[in-house]
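Subject: Structure handover

Hello,

Here is the structure I promised to pass on. Please open it alongside this note.

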Amino acid sequence: MITIDQVSKRRGSKQILTEVGFEARPGRVTGFLGPNGAGKSSTLRILLGLDRPDGGVALVAGRPFARLRRPLTTVGAVLDGGGAHRSRTGRGHLRWIAASNGLPRARVDEVLDLVGLTEAAGRRVGGYSLGMGRRLALAAALLGDPPVLVLDEPVNGLDPEGIRRLRVLLRDRAAAGGTVLLSSHLIGELAETVDDVVVIDRGRVVALGTLAEVTGAHRGLEDAFFALTSGTGPGTGHGGRP
Amino acid sequence: MTAAARLPRPGASGASGFSSHSGTSGPRVVAGTFRAEVLKLLTLPALYLTAAITWAVAPLLAVASVSAAAGEGNGPGPGTDPGLAPVGYAQAGFVVLGVLAAASEYRGGQIRTTLTCVPRRVEVQLAKAAALAVTALPVAVATAGSGVLAARAALAAHAPPYGAAGPVDAPGEVRAVAGAAAYLVLTALLSSAVATLTRGTIPAVTVLLGHHFVVGPYLAGRTALTAYLPGTAGLWPGGGTGAGEVLGAGGRWAVVTGWTVAALGVAIVSFRRRDA
């Protein structure tokens, strides 16, 4: 269970989040949608205790992230950028993460196998492709077998096979009672995976509900998205701001 | 029942059950934080390279300084151990060691991984300092020790009065090596604090080496205040001359330790406050 309540954040003179609030519930995959720069990553960073909000609270399993004693057993996070030092091996990266939360070392090989990185585990992260880096980050998120997964743009850099495997994994986690929150600006990739949708634009939540509720009378989630956000809609090419 | 028993089997993408939100005891959690920081340092190739170069260069410099002193007919002066002369240069290696250890967190967004593993920021920084001290200590002892051994061998090769005519003062040398090693560890810690503030390798190395090797020595002959700067006061707290004319050995230790503790304190406060 993830609860974001009235979260606001300024950076310099710019208001990047304004009273953002939503929930991600157990047993469901929640898609957090918005154009680039809408505030998705900022919200997730506050949820994970990386950034401090100017107002509001973000709770995981009823507690602020910073209060979790062994966070990896509660929340697995995949953040933009991979989060690994390039001169360490994939296995070396996962080993210190496992040690930090007192997880058994055998678990490292299990998650490497789970994401298909066993062969590359002894290679330096700097030599990984973008997709391999994402899979390593996913492996790190799964180390503690947490009931909550938070993923920032998880499909970026994945090949079609990787996207399919991720989709199956996320659906399975939710089916087992897990809470999955993933952000994306790729609406098409998301429509088949999510149960609930939160749409954010310019730092404000502009729509939330089940996939059917948010899609509403529109032809599909993509049309709904462009109608709800400042995106200029399909046909103009970039989906950017006017 | 172990956590591993309930983890999904390899190959199965689904989860049969999830980890419990186990409320483990404090000391074990902190020990995990420390172990993770040690593992990080031990898996960084750049740190091995820096340590190896620092250690290898120390005896060469020791021999060179003995030869230079003997060649000039000065001999090693009272209170200076030629084996420890290279400590001044070895501190450059420990500056790099400390900076790399801290700045490596800011490559590839690793700091965000660190904080999603251990959100308690003060604990993270204290574990980092402890891990750096523990890993830098053997390198420091090896560096200072090999310098002394090389210098003794070089002295023996010279004729008296510069040769090793007198009895070897073993307890004195052990004390000198211990002092030099402690100073080098403090140098690494101070450097890691600066790199935590700058979050980058280049600015931290520039500031520290610039201070230790350019600004400090430049000011040394001009103002007595340099006695209170970390690098020059530290040259070297175990014994020696220069800034030591103003401060006694105890005072110099206090200055170096004080700077290190203060820098670590400022780094922790900054790290605790800022967005990661």
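Below is what turned up, chain A first and then a helix of chain B.

Keep in mind that this is a predicted model.

Overall picture of chain A

Chain A contains eight helices and nine strands. It has 242 residues, and 57% of them count as buried. Take the contacts in chain A with a separation of 6 or more: residues 24 or more positions apart make up 66% of these.

Look at strands β1 (residues 2–11) and β2 (residues 14–24) of chain A. They pair antiparallel, over seven bridges. Together β1(A) and β2(A) make a hairpin, with two residues between them. A:Gly12 sits in the turn and has a positive phi of about 65°. One facing pair to find is A:Arg10 and, in β2(A), A:Gln15.

The six-stranded sheet

Chain A also has an open sheet of six strands, with mixed pairing. The order is β5-β6-β7-β3-β8-β9. At the edges lie β5 (75–78) and β9 (204–210) of chain A, each pairing on one side only. On average, neighbouring strands here are turned by 15° against each other, direction ignored.

Strand β8 (residues 196–201) of chain A runs antiparallel to β9(A), and six bridges join the two. Within this pairing, A:Val198 stands opposite A:Leu208 of β9(A). Helix α8 (residues 221–228) of chain A packs on the sheet. It touches β3 (29–33), β8 and β9 of chain A. The direction of α8(A) makes about 30° with that of β8(A).

A covered helix

Helix α2 (residues 90–100) of chain A is mostly covered, with nine of its 11 residues buried. Among them are A:His93, A:Leu94, A:Trp96 and A:Ile97. What do the buried residues of α2(A) pack against? Within chain A, they meet α3 (106–114) and α4 (130–142). From chain B, α1 (26–42) and α4 (110–117) join in. After α2(A) comes A:Gly102, with a positive phi near 65°.

The helix in chain B

Helix α5 (residues 121–157) of chain B has 37 residues. At 1.5 Å a residue it should span 54 Å. Its end C-alpha atoms are 54 Å apart, so the two values agree. Where does α5(B) bend? The bend is at B:Ala136 and comes to about 30°. A proline, B:Pro138, follows within four residues.

Best wishes

Notes. Residues numbered from 1 in each chain as written. Chains lettered and ligands numbered in written order. Predicted model: local features only at pLDDT ≥ 70, side-chain atom pairs only at ≥ 80, totals over all residues. Heavy atoms only, no water. Pairing = 2+ DSSP bridges. Buried < 20%, exposed > 50% of the residue type's maximum accessible area, 1.4 Å probe, protein only. Contact = heavy atoms within 4.5 Å. Expected span 1.5 Å × (residues − 1). Bend = angle between axes of the 7 residues up to and from the residue. Axes fitted to C-alpha atoms, helices over the stretch in contact; angles between N-to-C directions.
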